[in-house]
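Please keep the sequence and the model in view while reading the points.

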Amino acid sequence: VAKTCGPRLEVLKLFGNAKLSDEGVSALAEHCPNLRLLSLYGNSKLTDRSVVRVAQCCTRLASFDCSGLSNITDKSMIALAGSTTHLHTLQIRACHKVTDAGMSALLRGCSQ
């Protein structure tokens with residue numbers, strides 16, 4: 001799907017797919033640079049590697065749901081803060097490894 005529809009794809013919701021990996025999300029991000037809405041909700045195997053790659057490649061992202069990504073850390077928040085200038089909605093419920101430092105970085109990035 002990413003290779004075929006990638007440049008045209010603007011909305012993608014991938015809820016709770018136990019087989020979704022960082023490699024898959026990285027490839028998706030690389031082939032779908034025009035994503036405006038992405039939900040990775042409940043894909044608990046994903047790590048900072050996925051979110052950082054999304055932040056690097058999908059710079060038009062306006063809405064991102066990474067709720068339930070229990071392995072992401074402040075590194076993801078820092079990447080989002082520095083890369084996605086269009087981001088206006090971010091959902092990070094149950095991301096227990098994200099700390100005040102990550103949130104501070106995100107807030108600093110959003111104010112620019």
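The numbered points below take up the sheet, the helix contacts, and some single residues and pairs.

1. The structure under discussion is a predicted model. The positions quoted in each point are counted from 1 along the chain as its sequence is written.

2. The sheet. The model contains an open sheet of 4 strands, arranged in the order S1-S2-S3-S4 and paired in parallel fashion. At its edges lie S1 and strand S4 (89-91), each of which pairs on one side only. From one strand to the next, the twist averages 5 degrees.

3. The pairing of S3 with S4. Strand S3 covers residues 63-65 and pairs with S4 in the parallel sense, over 3 bridges.

4. Burial of H3. Is helix H3 mostly covered or mostly open? The helix is mostly covered, as 7 of its 10 residues are buried. These buried residues are Asp48, Ser50, Val51, Val52, Val54, Ala55 and Cys57. The elements that cover them include H2, S2, S3 and H4.

5. H3 against H4. Helix H4 spans residues 74-83, and its axis lies 8 Å from that of H3, at an angle of about 0 degrees. The two helices therefore count as roughly parallel to each other, since angles under 35 degrees are placed in that class. On the H3 side the contact is made by Asp48, Val51, Val52, Ala55 and Gln56, and on the H4 side by Lys75, Ser76, Ala79, Leu80 and Ser83. By class, this contact has 5 nonpolar, 3 polar and 2 charged residues.

6. H4 against H5. H4 also packs with helix H5, residues 100-110, at an angle of about 5 degrees and with the axes 8 Å apart. H4 is therefore roughly parallel to H5. Which residues meet here? From H4 they are Asp74, Met77, Ile78, Leu80 and Ala81, and from H5 they are Ala101, Gly102, Ala105, Leu106 and Gly109. The contact of H4 with H5 has 7 nonpolar, 2 polar and 1 charged residues by class. Leu80 is listed in the contact with H3 and again in the contact with H5.

7. The aromatic pair. The count of aromatic pairs comes to 1. This pair joins Phe15 and Tyr41, with 6.2 Å from centre to centre and 70 degrees between the planes, in an edge-to-face arrangement. The pair links distant parts of the chain, 26 residues apart: Phe15 is in the loop between strand S1 (11-13) and helix H2 (22-31), and Tyr41 is in the loop between strand S2 (37-39) and helix H3 (48-57). Phe15 counts as exposed because its relative accessibility is 51%, where the cut-off is over 50%. Tyr41, at 38%, counts as partly exposed.

8. Where does Ala94 lie? The residue is found in the loop between S4 and H5. Its relative accessibility is 41%, so Ala94 counts as partly exposed.

Notes. Predicted model: local features only at pLDDT ≥ 70, side-chain atom pairs only at ≥ 80, totals over all residues. Heavy atoms only, no water. Phe/Tyr/Trp six-rings, centres within 6.5 Å; stacked < 30°, edge-to-face > 60°. Buried < 20%, exposed > 50% of the residue type's maximum accessible area, 1.4 Å probe, protein only. Axes fitted to C-alpha atoms, helices over the stretch in contact; angles between N-to-C directions. Parallel < 35°, antiparallel > 145°, perpendicular 65-115°, else oblique. Contact = heavy atoms within 4.5 Å. Nonpolar A, V, L, I, M, F, W, Y, C, P; charged D, E, K, R; others polar. Pairing = 2+ DSSP bridges.
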